[in-house]
Amino acid sequence: MKNNVLTPGLADAMVRVTELAAIAAASEVGRGDEKKADAAAVDAMRTAFNAVEFKGRVVIGEGERDEAPMLYIGEEVGTGRGPEIDIALDPLEGTTLTAKAMSNALAVLAIAPRGGLLHAPDTYMDKVAIGPGYPEGIISLDATPAENITALAEFKGVPVSDMTACVLDRPRHEAIIAGLREVGCRIALITDGDVAGVIATTDPQTGIDFYVGSGGAPEGVLAAAALKCVGGQMFARLVFRNDDEKKRATRVGITDFARTYSLNELASGDTVFCATGVTSGSLLSGVKYAGGRVHTHTLVMTSVDGMVRHVRSDRKV
């Protein structure tokens, strides 16, 4: 890969990191304990990171240093030798999904050369996203969801009734859902896991054309890193509920609170994105045990060459 920073070997190492985090989290599937599932994934991910030859720095993680004991923002991981890499991670995207044995729980991370990922604070973020194949500027955060989906349908030459938008099932999205249904759009509601929701726009097999709604800002950066690999589009704007959240943003260098971020501002450098299924969903199969071995399914993408690869691994239990 370019400049020999995000090497194929480093990408393969990240696959192992998400695999091990997913396997650890899978031991807690259906047991009703979100915190225990998250802790298992975090511990496994840290251990795997620390075996990798790189100077890793967490820029999207479990929280700020004084607020989270595990994989906090600013934590250094890796052997301390090799390329300097920034990391966005969610060891368990979908803690509730895991605790309740529901679909689409993932172990997720993205890496970029130092400075290549937005240091997003732990706040909400308004997002719109589409997969590849559309002209630049066809969607906008300043347009209504109905206007965006209509523009996408017109470009594809199909009626809006043939289009599907993915939206988190939250009371705050009632107006979005009503507007989309008013123009005849199908809506795929998801209970959690908006990283998977955004990534679904990149895979025609999912039937998802458009993602819209408000979710976590850290998850927005992770999703942007994935979209960058396949040429999708995304726009995002931070949402602040109080002054404390604005102070949090200021501490990571954000001062323009009304700024709209494009995909290449959320993920400005070359990226590697990895996600391993914890529970089976629309994108990935979950962790499975058979014949004394554990089977995993991982999606890995690299932006420098547009590679999208599915890795199915099995190892001794």
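In which sense do strand 9 and strand 10 pair, and over how many bridges? In this predicted model, strand 9 and strand 10 (residues 260-262) run antiparallel and are joined by three bridges. Within this pairing, A236 faces Y261 of strand 10. Strand 9 has another partner in strand 5. These two strands are also antiparallel, and seven bridges link them. Here V128 is set opposite F235 of strand 9. Strand 9 spans residues 233-239, and six of its seven residues are buried, so the rest of the structure largely encloses it.

Strand 5 also holds I130. The relative accessibility of I130 is 0%, so this residue counts as buried. Leaving aside residues up to four places away in sequence, I130 touches I138, I139, L152, T201, D209, F210, L227, G232 and Q233. The distance from I130 to I177 was also computed. They lie 47 residues apart in sequence, and their C-alpha atoms are 17 Å apart in space.

I177 belongs to helix 5, which covers residues 174-182. Three residues of this helix, I176, I177 and L180, are buried. Viewed down the helix axis, the buried residues fall within an arc of 95 degrees, so they line one face of helix 5. An α-helix has 3.6 residues a turn, so residues three or four places apart point the same way. The other side of helix 5 carries E174, A175 and E182, which are exposed. Several elements cover the buried residues of helix 5. Among them are helix 4 (145-156) and strand 6 (164-168). Strand 7 (186-190) and strand 8 (210-216) are also included in this cover. After helix 5 comes G184, with a positive phi near 95 degrees.

The whole structure contains three aromatic pairs. One of them is formed by Y134 and F155. Y134 sits in the loop between strand 5 (124-130) and helix 4, while F155 is in helix 4, so the pair ties together parts that are 21 residues apart in sequence. Are the two partners buried or partly exposed? Y134 has 15% relative accessibility, so it counts as buried. F155 has 45% relative accessibility, so it counts as partly exposed.

The next element is strand 13. This strand runs over residues 293-302, and eight of its ten residues are buried, leaving it mostly covered. Strand 13 pairs with strand 11 (residues 272-277) in the antiparallel sense, through five bridges. In this pairing, C274 lies opposite V300 of strand 13. V300 also has a bridge partner in strand 14, namely R309. Strand 14 covers residues 307-316, and ten bridges join it to strand 13, again in the antiparallel sense. Strands 13 and 14 form a hairpin with four residues between them. In that turn, G306 has a positive phi of about 65 degrees.

Strand 12 (residues 288-290) is likewise antiparallel to strand 13, with three bridges between them. K288 is placed opposite H295 of strand 13. Strand 12 and strand 13 form a hairpin too, with two residues between them. In this turn, G291 has a positive phi of about 60 degrees.

T296 gives a view from within strand 13. At 4% relative accessibility, T296 counts as buried. Its contacts, not counting residues up to four places away in sequence, are E19, I23, T276, V287, V311, R312, S313 and R315.

How is the protein divided into domains? Domain 1 consists of 8-117 + 271-316, and domain 2 of 124-266. The centres of the two domains, taken over C-alpha atoms, are 23 Å apart. Across the boundary, 25 residues of domain 1 contact 23 residues of domain 2. The area buried between the domains is about 1900 Å². Carbon and sulfur atoms give 73% of that area.

How values were computed:
Residues are numbered from 1 along each chain as its sequence is written. This is a predicted model: local features need pLDDT of at least 70, side-chain atom pairs count only at pLDDT 80 or more; totals for chains, interfaces and linings use all residues. Side-chain values use heavy atoms; hydrogens and water are left out. Buried means under 20% relative accessible area, exposed over 50%, partly exposed in between (1.4 Å probe, protein chains only). The arc is that of the directions from the helix axis to the C-beta atoms. Contact means heavy atoms within 4.5 Å. Two strands pair if DSSP finds at least two bridges between them. Rings of Phe, Tyr and Trp (its six-membered ring) pair if their centres lie within 6.5 Å; planes under 30 degrees apart count as stacked, over 60 as edge-to-face and the rest as tilted. Domain bounds come from an automatic or database domain assignment. Buried area is the accessible area (1.4 Å probe) that two parts lose on being put together, summed over both.
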